[in-house]
Protein chains: 2
Amino acid sequence: MKTLKIPEATIIRLSVYSRYLTQLDKKGIVNISSGEIAEGVGGSPAQVRKDLAYFGEFGTRGVGYNVRDLNQHIIRILGLNKGWKVVIVGAGNLGSALTQYKGFRERGFEVVAVFDNDVNKIGLTLNGVPIFPITKLREVVKEQEARIGIIAVPSKYAQDVADHLVESGVKAILNFAPSVISVPENVELRNVDLAVNLEILTFNLALKKNYD
Amino acid sequence: MKTLKIPEATIIRLSVYSRYLTQLDKKGIVNISSGEIAEGVGGSPAQVRKDLAYFGEFGTRGVGYNVRDLNQHIIRILGLNKGWKVVIVGAGNLGSALTQYKGFRERGFEVVAVFDNDVNKIGLTLNGVPIFPITKLREVVKEQEARIGIIAVPSKYAQDVADHLVESGVKAILNFAPSVISVPENVELRNVDLAVNLEILTFNLALKKNYD
DNA sequence: CTCCTTTTGTGACAATTATAACATATGCAA
DNA sequence: TTGCATATGTTATAATTGTCACAAAAGGAG
Ligand SMILES: NC(=O)c1ccc[n+]([C@@H]2O[C@H](COP(=O)([O-])OP(=O)(O)OC[C@H]3O[C@@H](n4cnc5c(N)ncnc54)[C@H](O)[C@@H]3O)[C@@H](O)[C@H]2O)c1
Ligand SMILES: NC(=O)c1ccc[n+]([C@@H]2O[C@H](COP(=O)([O-])OP(=O)(O)OC[C@H]3O[C@@H](n4cnc5c(N)ncnc54)[C@H](O)[C@@H]3O)[C@@H](O)[C@H]2O)c1
């Protein structure tokens, strides 16, 4: 397996394929073709095959793919077979929702702790996940060997929290605050900006002018 | 202004530029160059100018851009000068967080109603926003002239809710349920899948193998 | 065993998107 | 008024990503 540069769009699609395959597996479906996957997730059969081709040969010509087997391969490609531990900083509206989100666990992520600096929240639990004072971040991250941190504090504090997460040993950060933050090169960073998503919608509506 | 096909990446960046310009404007900064914008949001000056060039000429050669003026132009490009009304379906963990999210209003979005089918939630308000029974969706959407709907119900019901939103006259949908849904061509759809975002992070970590 | 159908894997091609280079316009100073 | 410094807008070039067509492999029928 060579380390060609893989398009990020390919990774996004693989993640979606995997979710779809998991559904099919639960329904007891054993075999599937690239065309059926494409139809299921909204794409083209060639795209599906090309995406998979970056990583190897997982199908059987004339037959298709074994659902469970292919899913296992994608899960391994995405690194989900490790069981990642996640910490969330900010036990507000969003942080609480994320902590209780079952979808993460289903994909191999375990939220082990939430951190806040509000004394009224510290000590409580969210769905069994304890809320610690932010001062314990380093200790808990080290002890639990958490590798992923989620930022759910007001933008103003996002960079501080990011620095703190990095310093604690976290290797990847998902940032929900709508602000540009910077981290060392060896730390992965992704920003999720929900307003941006709405604005893409309004741009397209404004372009079409058929919204009234 | 011709209607060339604008890359979606350009729209995402414009949205980020605008957020940054709003910050600068609040700080009282009047002028800015493409290089400074690039530095502020993490990009290249050429990229900034190219993105803007799709829509017109907003700067002065040798000088740069007027912060407020440029921001107004981008806001207009993104269609944010209209004041969009938004409805949210699902008053659970995520739906509640989104309803109370101040970041939407700051960008010109107004959440006018939330809908649920849980009798214990109906009649309550979230930050002043009323929770209606899902059966009132059509009526409220029509009356308020809401054009955007957000789906925050379990995946299982996402397609049903989408159909219902479309039937009610909504023209754009932001879907948070991790499932593939389909809508008529004339309705804009975007999916936000948070697990996918984490999986991109783990893919990159797994690739680098330096996470331990 | 051979042919035929099916569907993969892949290499060539096309389209899109980003980068870089530069000519053009502006303001200022002398 | 002229020349210079600066930063834009635009054109050309490079890189990336997606599409298409087809050869190769597999399995089943006869
Ligand atoms: N609510 C949403 O749906 C939503 C959507 C998209 C993005 N966001 C973003 O997510 C972030 C959180 O939003 P929210 O609505 O949950 O806000 P919130 O005010 O409900 O919660 C913020 C929490 O962070 C805590 N906090 C503040 N500073 C802290 C620090 N330095 N260390 C630790 N904890 C700290 C606060 O005590 C509070 O509990 C914001 O940046 C917001 O822009 C929120
Ligand atoms: N919690 C999160 O942080 C999070 C993150 C990403 C995605 N999501 C997705 O968002 C969706 C909602 O997640 P949640 O955690 O808020 O779940 P939740 O169970 O807390 O809330 C779901 C709400 O939807 C309501 N509902 C169910 N069916 C409905 C229907 N047909 N019409 C109207 N209302 C209905 C329920 O009464 C409930 O109030 C899910 O698809 C989930 O996968 C959630």
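I count a polar contact as a pair of N or O atoms within 3.5 Å; within protein, one must be able to donate a hydrogen and the other to accept it, and residues adjacent in sequence count only if both atoms are side-chain atoms. With that cut-off, I found a polar backbone atom of Leu98(B) 3.4 Å from an oxygen atom of ligand 1.

This is a predicted model, where local features need pLDDT of at least 70, side-chain atom pairs count only at pLDDT 80 or more, and totals for chains, interfaces and linings use all residues. Residues are numbered from 1 along each chain as written, chains are lettered from A and ligands numbered from 1 in written order, and side-chain values use heavy atoms, without hydrogens and water.

Ligand 1. I located it between chains A and B. On chain A, a backbone N or O atom of Leu94(A) sits 2.8 Å from a ligand 1 oxygen. For a side-chain N or O atom of Asp116(A), I read 2.5 Å to an oxygen of ligand 1. The protein covers 85% of the 820 Å² of accessible area that ligand 1 has on its own (Shrake-Rupley method, 1.4 Å probe).

DNA strand C. A polar side-chain atom of Tyr65(A) lies 2.9 Å from a phosphate oxygen of DNA strand C. Arg61(B) instead places a polar side-chain atom 2.7 Å from a base oxygen of DNA strand C.

Note on methods. A residue is near a molecule or strand if one of its heavy atoms lies within 4 Å of it.
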